[in-house]
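The structure comes first, followed by the notes.

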Amino acid sequence: MALHSKSGLSVQDVLAKLEYYCAYQERCHAEVWQKLQEFTLLSQEKDEIIVALIQKNFLNEERFALVFAQSKFHQKKWGKIRIKNELKSRQVNELLIQKALKTIPSETYESTFEQLASQNWESIRETNLLKKKKKFCDFLARKGWEHSRIMDWLHEQNV
């Protein structure tokens with residue numbers, strides 16, 4: 001690797017900063033590349049830094065996709081559609097997205113949806129049934145739950 005970048009920071013300094021950045025939280029390649037743009041480096045130096053981060057296992061796209069899917073599902077109760085779209089927006093490979101989604105157990109996925117749907121339905125104070133259904137559907141759709149699942153739940157509740 002070159003000793004100095006155009007910004008005055010050595011490539012080793014930038015690498016150390018990015019190692020810390022990646023160690024703090026799982027990152028995808030796109031996030032690290034975006035962070036690299038803050039430094040005035042030659043294109044070759046940026047590529048060398050990315051390679052070094054991968055070789056030192058600070059940057060692992062598969063690990064990122066798995067952690068992202070699990071954490072967004074468990075913490076934010078996102079459905080698979082939202083998780084998939086968010087991973088796509090971070091330029092994660094489609095095969096890794098599918099692998100990450102498969103790690104969510106179907107029983108847990110079902111029970112989380114049931115709990116979220118019930119809680120949301122009860123929390124909506126709208127008296128007009130059509131408006132209440134719309135608010136309910138919009139909420140779950142924003143969370144990335146499948147339209148058919150939402151409609152099935154409403155049908156099962158006889159509302």
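How are helix 5 and helix 6 oriented to each other, roughly parallel or roughly antiparallel? In this predicted model, helix 5 and helix 6 are roughly antiparallel, because their axes cross at roughly 150° and angles over 145 degrees count as such. The other topic is salt bridges, of which the whole structure holds 12.

**Helix 5 against helix 6**

- Helix 5 spans residues 80-89, and helix 6 spans residues 94-102.
- The two axes, those of helix 5 and helix 6, come within 10 Å.
- The crossing of this pair, helix 5 with helix 6, is right-handed.
- On the helix 5 side, the contact is made by Lys80, Ile83, Lys84, Leu87 and Lys88.
- Their counterparts in helix 6 are Glu94, Ile97, Gln98 and Leu101.
- Sorted by class, the residues in this contact are four nonpolar, one polar and four charged.

**Salt bridge between arginine 63 and glutamate 26**

- Arginine 63 and glutamate 26 form a salt bridge through their side chains, with an N to O distance of 2.7 Å.
- Arginine 63 belongs to helix 4 (residues 61-76), while glutamate 26 sits in the loop between helix 1 (11-24) and helix 2 (29-36), so the pair ties together parts that are 37 residues apart in sequence.
- Arginine 63 is partly exposed, at 24% relative accessibility.
- Glutamate 26 is also partly exposed, at 22% relative accessibility; the limit for buried is under 20%.

**Salt bridge between lysine 99 and glutamate 62**

- In the salt bridge of lysine 99 with glutamate 62, the closest N and O atoms are 2.3 Å apart.
- Lysine 99 is in helix 6 and glutamate 62 is in helix 4, so this pair links parts that are 37 residues apart in sequence.
- Lysine 99 has a relative accessible area of 41% and is partly exposed.
- Glutamate 62, at 30% relative accessibility, counts as partly exposed.

**Further salt bridges**

- Arginine 149 pairs with glutamate 146 in a salt bridge whose closest N and O atoms are 3.0 Å apart.

Definitions and conventions
Residues numbered from 1 in each chain as written. Predicted model: local features only at pLDDT ≥ 70, side-chain atom pairs only at ≥ 80, totals over all residues. Heavy atoms only, no water. Salt bridge = Lys/Arg side-chain N within 4 Å of Asp/Glu carboxyl O. Helix = DSSP H or I, 4+ residues; strand = E, 2+ residues; numbered from the N terminus. Buried < 20%, exposed > 50% of the residue type's maximum accessible area, 1.4 Å probe, protein only. Axes fitted to C-alpha atoms, helices over the stretch in contact; angles between N-to-C directions. Parallel < 35°, antiparallel > 145°, perpendicular 65-115°, else oblique. Left-handed = near helix turned anticlockwise from the far one by under 90°. Contact = heavy atoms within 4.5 Å. Nonpolar A, V, L, I, M, F, W, Y, C, P; charged D, E, K, R; others polar.
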